[in-house]
Amino acid sequence: METVLDPDWDERGALLGSLDGRIVALANWVKLRDPHAAEVAFAVGDDFQRRGIGTRLLERLAARAAEAGIEEFVAEVLHENAAMHGVFRDAGFAVTRAAEGGELEIRFPIAPTHGYREHVASRDHVAVRASLEPFFLPRSVAVIGASRRRGSIGGELFRNILTGDFAGSVYPVNRKGDPVAGVHGYRSVTDVEETIDLAVICVPGEQVLAAAEDALAAGVRALVVISAGFAETGNAGTERQEQLLGLVRDRGARLLGPNCLGIASSPVHLNATFAPRSFPAGKIGFSSQSGALGLALLERAESTGLGVTSFVSIGNKADVSSNDLLEWWEDDDETEMVVQYLESFGNPRAFSRIARRVARRKPILALKGGSTGAGSRAAGSHTAALAGSDVAVDALFRQAGVIRARTLEELIDVATLLSAQPVPRGRRVALVTNAGGLGILAADACEAAGLEVAPPGAETRTALAEVMPAEGSSANPIDLLGGATAESFASALPPILADPAFDAAIVLFVPTVGSNEQAVGAAISEAAAGVDKPVLCVFVSAKGAPPSLRGSANVPGFGYPEAAARALGRAAERGEWLRRPAGTVPELECDRAEGQAVVREALEAGSDWLDAAQTRRLFDAYGVPLVPERLAATTGAAVEAAEELGFPVVLKTAAPGAHKTEQGGIALDLGDEGAVLGAAERIGAPLLVQPFLRGGTELLAGAVQDPVFGPLVAFGPGGVLAELIGEAQFRLAPLTDLDALELVRGGKAGRLVAGFRGAPPADEAALVDLLLRLSLLADDLPEIAELDLNPVLAMSDGCVAVDARVRVAERSRPHRAKSW
């Protein structure tokens, strides 16, 4: 019984499943004589079998056991126990069976393979969508704290539901059971005869727990807590929030909030928010961690013709998160785009996994608040110094295909463009204008946004010559001159939009005396109709873009060329991501047990930095190429090592974690015994002796553990100027083969790898393999706080790290349950 009541998560572990205060399932593992294997056992109450509970417990148990170095589970199962056989079969592990009398011995490795992850993701998706249905498609709603008093949050929210023409039933609940807005009131949710799908709680924070208990007792399985007074207020509020979440989870329910604005869902005409008016229906699923900011965004969006399928204010996101909402919107056919305002990530890895999947089907736009300053921290390695507070967010969004907007304006602009126009096939853009100066500004803005102002084809130039004034310019920007009319644009745009030299077009117009703005807008829209390229318009007018612009082709209008260029640049990024293959995380040979042993040895010794021998053992275990070296305890031993390796050699201090260049702890190209002796006496023992390698490109490769996002893999220019040059690129582990290839080919490092200024190109495949192995190492061993290979010498045939530094740190242990 001790293994269950007091799991230490080193030799044994146990998990319980509970519902409504009852323990309904138990799973535990105990380490066997083989330290990498554990026996696993399950028990699920008869009334709760065949609901996937055993499979879920197995998932969680395997993840916890892997953290303790367990690689394989073993179970003894009776032949006739079909339910238990189903648990192991459905989990997604590669199971082997061996009969022993009346039992089967079942064995399976618990390392999460691609197939296993797919099984887990599929189960997550089905479960999350089912749990969120009462929020988005409720048939009945109770507003707890609905008051007759005008101006109260509960009262106004209740009236919003009524005036929004909600498709279901809505009930006001308050202490006296007073009617609200002519609707009969109730003292308790349990007094309502109809089963309530969704309860919205609008009472003071200290009364929320009692209100939630009342709703859950009535069978409600979806709660929206508008009330403040929780984690946002300090320790006492955090404790109250944890109590609320525990109560909700114990009943198998879901919680939105607390401290949120509410939820609106267009399919059922639900406006369960205290916004001043209903939300316009449209194609966007929108969530915001800030309720007020969400309202401001929606006000701005509505003015551009955007609307929502649903709006969700997640507040403190104690339970329902941005990840959950992505799961819902993924299969919602009415939602064609997702827009999110985020301030934090609860589970970045889950976000990345889900967003990668969703972004293949519909664009995801995100604005991340809190992206500067506060994330800086002291760093002991080049890699950590190069990883700023916002690097992980950029890496996450880039890998997941999320379009990151930097401002509120840009978020709305990109949403406006993608909701109305196709994604461009490339970055070549045609600029068509009636004002030369505006065209020049647009060209500058396009270049800044990573777009190419390409020249038109010969056929297009010929066609334009027939319809343009002789003084105009058919180069790009294409200048129709100030006297251009609607007819001018109607004649010029078709050959431009048909030209295969262009992937998109931005039309710029400044009204002049006698110009008909409505006619010009209509001409642009008609020319864009049926074209499979995005067409944008910059209408520089105090009145804004005319409504006629959205006639035939729904061409989006912008006030300035910079806004249009930025939006088109973001759309081009999406097009490139969609054309990029998904990539795979390769299965690489490694000795995980040896890697774990090295880390454990260092931590038990109280070391922060691995010594030279430990560093080599670690990298050898993961197949990371290091230059040969010898450890010398004396100057004489250093000379002997140099003679063994062959002159010339390099001498370095072997002090763990030392920045060798800054501390004078390195001597290069030592060609004889005397040079070695002199350098050894200056640097001091212990020493590392390495052969001096000539040639090759100096690069940096490394990894750093982000406290929120997990391991980040870095790649960039290396050597002593790594931090000065900067330009290191980062990706979240685990890397796919394409993630690693993008790192090797991207930025300044990519130019070096390709062969800079006559240098021979480096071995791209070897560098990709190096980064994949660092990714695997950092992912397997979260105790690796930071890791530097600088420099890595990349040759035309292979690569090798000539200096390596690894810092380790204890990670937080799983919570140990001490009592029931």
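Reply: The model is a predicted one, and buried residues make up 53% of the 820 residues in its chain. The chain contains 26 helices and 33 strands, and its C-alpha atoms fill a box of roughly 90 × 80 × 50 Å along the principal axes. Among contacts with a separation of 6 or more, 70% are between residues 24 or more positions apart. The accessible surface comes to about 34,600 Å², and carbon and sulfur atoms account for 51% of that area.

The sheet in question is open and has 7 strands, in the order 13-12-15-14-16-17-18, with mixed pairing. Its edges are strand 13 (270-273) and strand 18 (403-405); each has a single partner strand, so one side of each is left without a neighbour in the sheet. From one strand to the next, the twist averages 20 degrees. In general, strands of a sheet pair through backbone hydrogen bonds, in either a parallel or an antiparallel manner. Strand 12 (residues 262-265) and strand 15 (residues 308-313) run antiparallel and are joined by 3 bridges. Within this pairing, Ala264 has Phe311 of strand 15 as its bridge partner.

Two helices may be described together with the sheet. Helix 4 (residues 114-136) packs on the sheet and touches strand 12, strand 13 and strand 15, with its direction at about 85 degrees to that of strand 12. Helix 8 (residues 291-303) lies across strand 14 (281-288), strand 15 and strand 16 (337-342), and runs at about 155 degrees to strand 14.

Pro258 is found in the loop between strand 11 (254-256) and strand 12, and the peptide bond that joins Gly257 to Pro258 is cis, with omega about -5 degrees. Lys317 belongs to the loop between strand 15 and helix 9 (322-330). Although Lys317 is a residue other than glycine, its phi is positive, near 40 degrees. Lys317 has a relative accessible area of 16% and is therefore buried, the cut-off for that class being under 20%.

Asp165, which is not a glycine, has a positive phi of about 65 degrees. Asp165 is placed in the loop between helix 5 (153-163) and strand 8, and its relative accessibility of 57% makes it exposed. A cis peptide bond also leads from Asn476 to Pro477, with omega near 10 degrees; Pro477 lies in the loop between helix 15 (458-467) and strand 20 (478-479).

The aromatic side chains come next. The whole structure contains 15 aromatic pairs. In one of them, the ring centres of Tyr171 and Tyr186 are 5.8 Å apart and the planes meet at 75 degrees, so the pair is edge-to-face. Tyr171 is in strand 8 (residues 169-173), whereas Tyr186 is in the loop between strand 8 and strand 9 (198-201), so the pair ties together parts that are 15 residues apart in sequence. Tyr171 is buried at a relative accessible area of 15%, and Tyr186 also counts as buried, at 18%.

A further pair is formed by Phe489 and Phe509, with ring centres 5.8 Å apart and planes at 75 degrees, so this pair too is edge-to-face.

Phe73, Phe93, Phe108 and Tyr116 form one aromatic cluster. Arginine side chains also lie over aromatic faces: Arg240 is over Phe230, at 5.9 Å from the ring centre, and Arg805 is over Trp609, at 4.5 Å from the ring centre.

Finally, Ala794 may be considered in its own surroundings. Ala794 is in strand 31 (residues 784-794) and is buried, with a relative accessible area of 4%. Apart from neighbours within four places in sequence, Ala794 is in contact with Gly696, Thr697, Leu699, Ala762, Leu767 and Cys799. Between Ala794 and Ala470, the C-alpha to C-alpha distance is 56 Å, and the two residues are 324 residues apart in sequence.

Methods
Residues are numbered from 1 along each chain as its sequence is written. Side-chain values use heavy atoms; hydrogens and water are left out. Two strands pair if DSSP finds at least two bridges between them. Helices (H or I, at least four residues) and strands (E, at least two) are DSSP runs, numbered from the N terminus. Axes are lines fitted to C-alpha atoms, for helices over the stretch in contact, and angles run from 0 to 180 degrees between N-to-C directions. Contact means heavy atoms within 4.5 Å. Rings of Phe, Tyr and Trp (its six-membered ring) pair if their centres lie within 6.5 Å; planes under 30 degrees apart count as stacked, over 60 as edge-to-face and the rest as tilted. Buried means under 20% relative accessible area, exposed over 50%, partly exposed in between (1.4 Å probe, protein chains only). A charge sits over a ring if NZ of Lys or CZ of Arg is within 6 Å of the ring centre and within 35 degrees of the ring normal. Accessible areas come from the Shrake-Rupley method with a 1.4 Å probe; for residues, only the protein chains shown count as cover.
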